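Reader: I would like to learn how to read a model of this kind, feature by feature. Please give the general idea each time, then the case at hand.

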Amino acid sequence: MAKSYRKDYLERVKKMSEFQEFLNEQLQDDEFRKEWEDIQPAMDVIRAMDDAKISQSLT
């Protein structure tokens, strides 16, 4: 079971790394970067709500 968990974890890390590379490429575009920056306050609220739900074991 531990090997399966490790394999799943490594696959997730790889996907996250690929996403980060993709995002970094997209952020080179000024229009994309502006839109990305504009939505960050809303994303902060969503992350805070998720953190609160997790801390209260509501998920």
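Author: Take one residue to begin with. Asp50 has a relative accessibility of 35%, so Asp50 counts as partly exposed. Keep in mind that this is a predicted model.

Reader: Which residue does Asp50 meet in a salt bridge?

Author: The general idea is that side chains of opposite charge can pair when their charged atoms come close. In this case the side chain of Asp50 meets that of Lys53, at 3.9 Å from N to O. The cut-off for a salt bridge is within 4 Å. Lys53 is partly exposed too, at 38% relative accessibility.

Reader: How are Asp50 and Lys53 placed in helix α2?

Author: They are three residues apart in helix α2, so about one helical turn separates Asp50 and Lys53.

Reader: How many salt bridges does the structure hold?

Author: Five salt bridges are found in the structure. One of them joins Lys34 to Asp38, with the closest N and O atoms 2.7 Å apart. Lys34 and Asp38 are four residues apart in helix α2, so they too are separated by about one helical turn. Lys34 is partly exposed, with a relative accessible area of 49%, and Asp38 is partly exposed at 44%.

Reader: What distance, N to O, goes with the salt bridge of Glu37 and Arg33?

Author: The distance is 3.8 Å. Glu37 and Arg33 both belong to helix α2 and stand four residues apart, about one turn of the helix. As for accessibility, Glu37 is partly exposed at 46%, and Arg33 is partly exposed at 33%.

Reader: Let us turn to charge as a whole. How many positive and negative side chains does the protein have?

Author: The protein has 10 positive and 14 negative side chains. The centres of the two sets lie 12 Å apart.

Reader: Which residues form the negative surface patch?

Author: A patch of this kind is read as a group of residues with like charges joined within 9 Å, each with over 30% relative accessible area and no salt bridge. Here the negative patch is formed by Asp29, Asp30, Glu31 and Glu35. Asp30 has its place in helix α2. With a relative accessibility of 62%, Asp30 counts as exposed, because the cut-off for exposed is over 50%.

Reader: And which residues make the nonpolar surface patch?

Author: Tyr5, Tyr9, Leu10 and Val13 make that patch, which covers about 420 Å². Leu10 sits in helix α1, which runs over residues 2-26. Leu10 is partly exposed, at 42% relative accessible area.

Reader: What is the secondary structure of the protein?

Author: It comes to two helices and zero strands. The radius of gyration is 16 Å, well over the 10 Å that the globule rule gives for 59 residues, so the protein is more spread out than a compact globule. The C-alpha trace spans about 45 × 30 × 10 Å along its principal axes.

Reader: What share of the 59 residues is buried?

Author: Buried residues make up 5% of the 59; the cut-off for buried is under 20% relative accessible area. The accessible surface of the protein is about 5700 Å². Carbon and sulfur atoms account for 57% of that surface.

Reader: Where does Ser57 lie? Is Ser57 buried or exposed?

Author: Ser57 lies in the segment after α2, the helix of residues 30-55. At 65% relative accessibility, Ser57 counts as exposed.

Definitions and conventions: Residues numbered from 1 in each chain as written. Predicted model: local features only at pLDDT ≥ 70, side-chain atom pairs only at ≥ 80, totals over all residues. Heavy atoms only, no water. Patch = residues over 30% accessible without salt bridge, like charges linked within 9 Å, V, L, I, M, F, W, Y side chains within 5 Å. Areas by Shrake-Rupley, 256 points an atom, 1.4 Å probe, with all protein chains shown as cover. Buried < 20%, exposed > 50% of the residue type's maximum accessible area, 1.4 Å probe, protein only. Rg over C-alpha atoms; globule rule 2.2 N^0.38 Å. Lys, Arg positive; Asp, Glu negative; His and termini not counted. Charge placed at Lys NZ, Arg CZ, Asp CG, Glu CD.
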